[in-house]
Amino acid sequence: MPGMQDQVLQLAVIFGTMHVVKRAGLESPEYAPLIRGAYAVTTAIILGLTFYLKTQIRTRNDTTALEYDDPTPGSQQGRIVTTVAKYDLAEIAKLQKSTLFTAAIVVFMHFKFGYIQPLILQSLLPLLNLYKNPLFQIHVLGKPATDSLKRPWVPENPFAALTGANSSSSDSSNAAAAGSPPSAAGSESASSDHEESRKAR
């Protein structure tokens, strides 16, 4: 369950970081400039790598056709037809927007309310998430786009492994599909027995 392992690792990083912050007294104002600098460096690295990935994708220009159903909940777009290069570029754009949006919120919370922990967490988690990102795995580490790296990439439900929601719905669908013929056969058998009983009378 790689998705579950990733969630556990991320939670471990969060709680471990919070514990270290409190034990080391890093919430003290005297550490604020250092922590701001670390966060700025992390954000710069993330954005720099996204531009590097964009360059790599455009250079390779993989025009392999990619067709899939839109995984966005409530979307009316239906079937999507594109290429691998266009898909990857769209994913890079999402990553860049997400990084900038998160940075705006974290900086606002820090300067408005004096929060230090979000700065520290966002100096660590984005690097971990980028390393696990399929774009980084494929275009930087050179891994094949198979199994969990196969496009399209749908974010996993972190609670699916605990609740069994995915497997339950899948089992229900399979059961419904497999159960229909026996049910029909059972009804026919019951009708036949009833008919024979009526004739015997």
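**Exercise 1. Decide whether Glu-91 is buried or exposed, and find what Glu-91 touches.**

Step 1. Glu-91 has a relative accessible area of 17%, so Glu-91 is buried; the term buried means under 20% relative accessible area, exposed means over 50%, and partly exposed is in between (1.4 Å probe, protein chains only).

A word on the model before we go on: this is a predicted model, in which local features need pLDDT of at least 70 and side-chain atom pairs count only at pLDDT 80 or more, while totals for chains, interfaces and linings use all residues. Residues are numbered from 1 along each chain as its sequence is written, and side-chain values use heavy atoms, with hydrogens and water left out.

Step 2. Find Glu-91 in helix H3. Helices (H or I, at least four residues) and strands (E, at least two) are DSSP runs, numbered from the N terminus.

Step 3. Leaving out residues up to four places away in sequence, Glu-91 touches Leu-135 and Trp-153. Contact here means heavy atoms within 4.5 Å.

**Exercise 2. Describe the surroundings of His-110.**

Step 1. Helix H3 spans residues 84-113, and His-110 lies in this helix.

Step 2. His-110 counts as buried because its relative accessibility is 6%.

Step 3. Setting aside neighbours within four places in sequence, His-110 is in contact with Arg-36, Tyr-115, Ile-116 and Leu-119.

Step 4. With Arg-36, the side chain of His-110 makes a polar contact, side chain to side chain, at 2.8 Å. Such a contact is a pair of N or O atoms within 3.5 Å; within protein, one must be able to donate a hydrogen and the other to accept it, and residues adjacent in sequence count only if both atoms are side-chain atoms.

**Exercise 3. Work out how Tyr-68 and Tyr-87 are paired, and which parts they tie together.**

Step 1. Start with the rule: rings of Phe, Tyr and Trp (its six-membered ring) pair if their centres lie within 6.5 Å; planes under 30 degrees apart count as stacked, over 60 as edge-to-face and the rest as tilted. The count comes to five aromatic pairs.

Step 2. Tyr-68 and Tyr-87 are one of these pairs, with 5.6 Å centre to centre and 85 degrees between the planes, an edge-to-face arrangement.

Step 3. Tyr-68 sits in strand E1 (residues 65-69) and Tyr-87 in helix H3, so the pair ties together parts 19 residues apart in sequence.

Step 4. Both Tyr-68 and Tyr-87 are buried. Ring pairs link these two tyrosines, Tyr-68 and Tyr-87, with Trp-153 into a cluster.
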